[in-house]
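Me: Please take a close look at one part of this model and what surrounds it. Give the cut-offs as you go.

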Amino acid sequence: LDFPFEQQLFSSMGFRSPTSPTSPGCSPRQYQTFLNAQESSATLVLAHAKIGDSGAQEVAEFASRSAHLRLLDLTGCDITSNGLLHIAQAVRCSLSLESLVLRHNEITSGPAGEEGLAALCQAAASSASLRHLDLRYCGLQGEAQSAHIASILQANAALSHLELSWNLLEASGGQVLRDSIRMTSGLFDCQLSGCRLADETLQDIAELLLRNRKAHKASMQAGPYKGSWVKNTAELEVDGEVPATPTGMRSQGQASAANLPLRYAVANIPGNAVVSEEKTLELTERLFELRHRFLPESSAGGKIAQIHEFMEYLQKGQADSKENQQAADEVLHRTELIMQGFQDRELRYREKIARDRDDLLSYSQEYSKLQGNLRRSMEDLSILREDLAIAKEELKRFQRNSEEDEHRDYSTFVAATSDRKELERRLRDLQDRGHHLDIETKMLRNRAEQVRERVANEIT
């Protein structure tokens, strides 16, 4: 289908197409009849009905006075900041609204700007019944608008589910949300996919949400909000009897299908408006009695013929009724099988999502540990680099000192070499002088011997 169920419902009730409620020719209060029909319903879903700001005003007035409304879904309704002001008033006035869905609406655009968001956050902060707020794809940006959302968490401890995915809150906005979540213990689930938050901030928020769920002994797995209007199928049958639950309080699918017989019968007792085999047998017996009553009369041939014709119609109608009942039972059986298959697949998908979330959380924790190890390794590497720089400086200083010592030693060596050469020269001179002295000494000794011999000869 090209249009959602709500738009088809509007068309079947005689409304103009709500795709452009502000176009020429659209009358005010165009949704009044539809809203009046939902007076006792616990849910009001107008997803992608594109009711605009004027339609939002009508819906807000309806929600303000409704004592039964618990879910208000305005997904993709072209609501701007002006319409959000009316929705904020409804949130402030409603005593029963649990879940408000505003995704795919540019709620910060329009003449009112951020005033609409501020009003909604103030109303949500003071609401005693609001448990779930969905603002995905709403064009929220930056720290300032994140601060408005954070004000809800600071004042409303009853809000348990908050969905902000795909709003460009950036790192600064994520820090504001993290600080506000740290101060509350009531928030169990906060969806922040595609918000460009820092990984450390997301990890901190995940740990804080886990802390809150443990503190309240809630489910350890974050998941979609389940409002009080959703009833379990098992609750629809008590001691073999089906309670007459109002339509607005039943969940969709198998639960509402289980209540379908209530429109026709209660506790399998057929009424006057029900075609049943027991009722057909009763009418057949009465017709037989009438036929026996009219048989003795000679003028009762026409009446007997009418009785036979009526009995044929009755038997044919009973046969058609049996066929229709069998077809209906088969359709219900197939529907139950299909729904059971869908429910089984949903359970498998939920289990897979839960496992994937656990894996993602473990991967995130492992990633955080690796980041910590990387930071410590970087710090150690920085220290080693500093030590290397110091060692290089000391090596340069040692090389300079070595060069200076080498130059000084070389100078000393040159001086010593010069001294050695001078000493060798002097030694040679001394040796030459010693040699001459030895020669002279020998000569003097020889002369002394000669003199001694001469003296000795003269004495003798």
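Reply: The model is predicted: local features need pLDDT of at least 70, side-chain atom pairs count only at pLDDT 80 or more, and totals for chains, interfaces and linings use all residues. Residues are numbered from 1 along each chain as its sequence is written, and side-chain values use heavy atoms, with hydrogens and water left out.

Ser 160 sits in the loop between α6 and β5 (161-163); helices (H or I, at least four residues) and strands (E, at least two) are DSSP runs numbered from the N terminus. Leaving aside residues up to four places away in sequence, Ser 160 touches Arg 131, Gly 186, Leu 187, Phe 188, Asp 189 and Tyr 225, where contact means heavy atoms within 4.5 Å.

Helix α6 (residues 142-155) packs with helix α5 (residues 114-126) at about 10 degrees, the axes being 8 Å apart. Axes are lines fitted to C-alpha atoms, for helices over the stretch in contact, and angles run from 0 to 180 degrees between N-to-C directions. The two helices, α5 and α6, are therefore roughly parallel (under 35 degrees; over 145 is roughly antiparallel, 65 to 115 roughly perpendicular, the rest oblique). Residues of α5 in the contact include Leu 117 and Cys 121, and those of α6 include Ile 149 and Ile 152.
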